[in-house]
Amino acid sequence: MRVSAALPIGVAALLFESARRRREAEGRLADLLQSAGYGEVILPILDYVEPYEALLTAASRSELYRFIDRDGEQLALRGDFTPMLARLLAPRLAGLPLPLRLFYRGDVVRYEEERAGRQREFYQMGAELLGPDPSAEREVLRLFLEALTQEGAREVRVVLGFAGALDGLLLGSRTGSGESGPADLAALAAAVARRERDAARRASRGLLAVVESGLPEKPEDLGPEAAGRLAELLRLRDDLAPLFPSAQLNVDLAEFARHSLDPRLAPGGDGRMGDRSYYDGIVFRAFAGAAALPVGGGGRYDSLFRRLGAEVSAVGFSLSLERLIEARGEEQT
Amino acid sequence: MIRLALPKGRNLEIALAAFRAAGLLQGWDGAGRSLISQLPDDGIEVLSLKDWDLPLYVEHGVADFGIVGSDVLSEVDGDLLVPVRLKAGRSRLSFIGSSHQMPPPGGQVRLATKYPATARRIVAGRPWGAEIVKLSGSIELAPLLSLAELALDIVQTGRTLVENNLVEIETVAEVAACLVVNRASYQRHRARLNEWIGRLEAAEVAV
């Protein structure tokens, strides 16, 4: 009998050399994370849907591979590590020594529209730092950069921002005051994220500056709280940049325009990697080499735990190993 | 070297006029048959692509930026930056039929279009329903020959409609040629792209 070697859309088998390359990268990254004090957790590939109901947006729900098992329970294949880790740890947090440093590796499966460069099953590695630590953001971002540079990713460009950075500008725009521009603020935020200059120009001069340069004309334009956070973020960037001379670190608030915190800006949440809606503090994503999609990203997500009834500081990142290997270029293969 | 994807057909003329006004692509006439052209003066390599393929090339990073119609862009729904919507050569996306009547509330019609995803989104907000028929050209024929009661298509001057006794019932959106940029390429070539975007915008205001 002849058997077809065809696989479903969006999945791939790694044979021989590509498998070896993936396992080697994975091993080196695991070593890096372990030596930085992060302990491995192994999470199941299947879970109930119910614990996530409150955390899912319409977009992230439609990405899940869901099914009913023989007992009539609704289950889903793992679509993201961070919420799974959060829901497992939130009830146990009181009994755990903090800060907690964890890392994970494994496949996630998401229903992505069929198109170039978007797999439905992909291999992620990531790290999470939970618990009070004033330099958590610095530590996690630094580890993220170490992972990228250790793996030889070329032309690393890390884009930094923070959730809610543009809320004041969006609400204070002509759209926010009902004068003109896109029909609603979520649409305006999406237009800023696409760097649509006309839409930004109609909304306000302050937003146009952010769309053009990634930064406001004057920090105060963002409002006092966000201006303070921008100053902190720029300091963090300036501290880390000299340690990674081969990488570019840019603060670009337009890139994360959809990460708003104000409910009036409630985003549709499009659930793309690095655009996951649970980030509520610093957000970052990295591009590298010729890869057109981010090789990884992360941020702060305290509110994810809060929605699960636990109060803890949480910062983490994840990397796509396929894209990271792609970003190394041919000379390394 | 930075790669620019240009469409074929009508949007090519619009794109070339805009880039030339901005002082780019001076030495390229776009008329040849080569699929890839090097323009060393600008440090640009130009790819010549079909409208419908162009967003995919840019999203995948094969091309760093390009020009494509907003009609195609809203249909393929990729994650692209869209810094500029060119003012020249704008047209309309409209409902077309043989009478001025839109379907009554609760009605069910057949709707012919090149843009099934866009049509589905628009119809979802209407009090009537539609069975969407995807065609790849000559959409006007569908209401004319009663393949469908309605069509959703691009209208430029409206002359074809008049000549065929069809009516532009309702304009749904304005269609513009858009400058699209790959998200990663934007971070990589930010200074150069920003300069060109600025020049394109300035040239358009000056026209």
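Helices (H or I, at least four residues) and strands (E, at least two) are DSSP runs, numbered from the N terminus. This is a predicted model, in which local features need pLDDT of at least 70, side-chain atom pairs count only at pLDDT 80 or more, and totals for chains, interfaces and linings use all residues. Residues are numbered from 1 along each chain as its sequence is written, while chains are lettered from A and ligands numbered from 1 in the order in which they are written.

**Chain A: helix 8**

Just after helix 8 of chain A, Gly214(A) has a positive phi of about 85 degrees. Helix 8 itself spans residues 205-213, and its buried residues are Gly206(A), Leu207(A), Val210(A) and Val211(A). Viewed down the helix axis, these buried residues fall within an arc of 135 degrees, so they line one face of helix 8 of chain A. That arc is taken from the directions from the helix axis to the C-beta atoms. A residue is buried if 20 or more other C-beta atoms lie within 10 Å of its own, exposed if 12 or fewer, and partly exposed in between; C-beta atoms are placed from the backbone. The buried residues of helix 8 of chain A pack against helix 5 (167-171), helix 6 (185-193) and helix 7 (197-203) of chain A. Contact here means that the C-beta atoms of two residues, placed from the backbone, lie within 7 Å.

Helix 1 (residues 17-35) and helix 4 (residues 136-150) of chain A have axes that come within 10 Å and cross at roughly 150 degrees. The two helices are therefore roughly antiparallel, a term for angles over 145 degrees. Their crossing is right-handed. Helix 1 of chain A contributes Arg28(A), Leu29(A) and Leu32(A) to the contact, and helix 4 of chain A contributes Glu146(A), Ala147(A) and Gln150(A).

Tyr38(A) sits in the loop between helix 1 and strand 1 (39-40) of chain A. Tyr38(A) counts as buried because it has 20 C-beta neighbours inside 10 Å. Beyond its neighbours within four places in sequence, Tyr38(A) contacts Leu33(A), Arg101(A), Leu102(A), Phe103(A) and Ala127(A).

**Strand pairs**

Two strands pair if DSSP finds at least two bridges between them.

| Strands | Sense | Bridges |
|---|---|---|
| Strand 5 (residues 100-109) and strand 6 of chain A | antiparallel | 10 bridges |
| Strand 6 and strand 11 (residues 314-320) of chain A | antiparallel | 7 bridges |
| Strand 1 (residues 2-7) and strand 3 (residues 44-49) of chain B | parallel | 6 bridges |

In strand 6 of chain A, Gly126(A) is the bridge partner of Tyr104(A). In strand 11 of chain A, Ser318(A) is the bridge partner of Gly126(A). Strand 6 of chain A (residues 121-130) has 8 of its 10 residues buried, so it is largely enclosed by the rest of the structure.

**Chain B**

Chain B holds 8 helices and 11 strands. Of its 207 residues, 42% count as buried. The C-alpha atoms of chain B fill a box of roughly 55 × 35 × 30 Å along the principal axes.

An open sheet of 6 strands in chain B has the order 2-3-1-4-11-5, with mixed pairing. Strand 2 (36-39) and strand 5 (81-85) of chain B stand at the edges, each with a single partner strand, so one side of each lacks a neighbour in the sheet. The twist averages 25 degrees from one strand to the next. Leu4(B) has Val46(B), in strand 3 of chain B, as its bridge partner.

Notes
Axes are lines fitted to C-alpha atoms, for helices over the stretch in contact, and angles run from 0 to 180 degrees between N-to-C directions. Angles under 35 degrees count as roughly parallel, over 145 as roughly antiparallel, 65 to 115 as roughly perpendicular and the rest as oblique. A crossing is left-handed if the near helix is turned anticlockwise from the far one by less than a right angle, and right-handed if clockwise.
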